[in-house]
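Below is a short report on one protein model.

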Amino acid sequence: MSRSLNLAVIPGDGIGQEVVAEGLKVLSAVLPQDVKLETKEYDFGARRYHATGETLTDADVDALKRHDAILLGAIGDPSVPSGVLERGFLLKLRFAFDHHVNLRPSKLLPGVATPLAGQPEIDFVVVREGTEGPYTGNGGTIRKGTPHEVATEVSVNTAFGVERVVRDAFARAQARPRKKLTLVHKNNVLAFAGHLWTNVFNQVAEEFPDVTTDYIHVDAATIYLVTDPARFDVIVTDNLFGDIITDLAAAVSGGIGVAASGNINPSGDFPSMFEPVHGSAPDIAGQGKADPTATVLSVALLLRHLGYEAEAVRIEDAVSADLGERGSLPARSTSEIGDALSVRVAG
Ligand code: NAI
Ligand code: MG
């Protein structure tokens, strides 16, 4: 039987171009011979915006829809006004493809530096809701620019939206050895949304009796992520809380150079998108200094999502081995790291 993987590739801006090239290199090296890899590159980001004024057209969305998955580098450049590409590309795509599960694993690998004391055990996954909360653009301004300006930014929480992400998180927790799921919210103060989240969480929990559950307020979660990260296995949380704690999680578990993520449509109605957590890093772009590891690990998430579990594990093992030896090697360029990982996954 011959299989195929039809990938949309969006290198984007800055180091996105450099790291995506290495991600594809490793992908080609790890895929079995019988898998036919097709890639189509799309030009989104600052260059396209300056040339045409476009960020993501309806025709673009239709074209992207036809792929099995999307690999993204990063979108964003100081030459584009803040918010234009974030809302016009990143958020628009997330809503168009209903990427309601934002997946961010944090694993501190051997040999990787952490700002935390000692070498704590860190191996957890944050499941962040991706399409609701305060990120829906539900708000407005009146009396703008006056001393009486009023601004609202309403957090939207639906039983449907909360249940589907909570259910996804329970399933992920059940599939992991520790089988533990922690709900992170602020249900003592954000009582309306907090009640909905807590109720749905407790209801779905009854269907997963083998999963241990826990609840922590988001402010306390920032303490435990630093003082006792080992207590976490899977975390499920709302869009805004998830945005903040995943940056903290990345900082304690090896930094931005190794943090991978997936914007997932679990139903498969639309392609899911995988990307490093970092941005386009204009300060180091074009110099071959970017670490492609976060992108390579995002390729592993992509493969796992599409059912290529063995290949995903080969990539993760290759990254582990490479990071373990890094301290004893001279500094390498973006493509040298990509080459080294390609050799390891092929061997
Ligand atoms: P950034 O992640 O691009 O850079 C932050 C710092 O980390 C910089 O010092 C950079 O040199 C370093 N860094 C990032 N990735 C690295 C890598 N792979 N290897 C080595 N060092 C790395 O965040 P920043 O500076 O806030 O944003 C730059 C642009 O990227 C902005 O336009 C922002 O909007 C955009 N951005 C896009 C994202 C996306 O496409 N999903 C996510 C985050 C930011
Ligand atoms: Mg962020």
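Which residue in strand 9 does K180 stand opposite? K180 stands opposite T212.

## Basis

This is a predicted model: local features need pLDDT of at least 70, side-chain atom pairs count only at pLDDT 80 or more, and totals for chains, interfaces and linings use all residues. Residues are numbered from 1 along each chain as its sequence is written, and chains are lettered from A and ligands numbered from 1 in the order in which they are written.

Ten strands form an open sheet with mixed pairing, in the order 2-1-3-12-11-4-5-10-8-9. Strand 2 (35–41) and strand 9 (212–217) are the edges. Each has a single partner strand, so one side of each lacks a neighbour in the sheet. The average twist from one strand to the next is 20 degrees. Strands are DSSP runs (E, at least two residues), as are helices (H or I, at least four), numbered from the N terminus. Pairing requires at least two DSSP bridges between two strands.

Axes are lines fitted to C-alpha atoms, for helices over the stretch in contact; angles run from 0 to 180 degrees between N-to-C directions.

## Strand 3

Strand 3 (residues 69–74) is largely enclosed by the rest of the structure, because six of its six residues are buried. Buried means 20 or more other C-beta atoms within 10 Å of the residue's own, exposed means 12 or fewer, and partly exposed lies in between, with C-beta atoms placed from the backbone.

Strand 1 (residues 3–12) pairs with strand 3 in the parallel sense over five bridges. There, G12 has A74 as its bridge partner. Strand 12 (residues 272–276) also runs parallel to strand 3, joined by three bridges. L71 has F274 of strand 12 as its bridge partner.

## Ligand 1

Ligand 1 is surrounded by 20 residues. The closest are G76, H278, G279, A281 and D291. A residue counts if its C-beta atom, placed from the backbone, lies within 6 Å.

The shell has 11 nonpolar, five polar and four charged residues. Nonpolar covers Ala, Val, Leu, Ile, Met, Phe, Trp, Tyr, Cys and Pro; charged covers Asp, Glu, Lys and Arg; the others, Gly among them, are polar.

## A loop residue

E121 sits in the loop between strand 4 (101–107) and strand 5 (123–129). Is E121 buried or exposed? E121 is exposed, with 12 other C-beta atoms within 10 Å.
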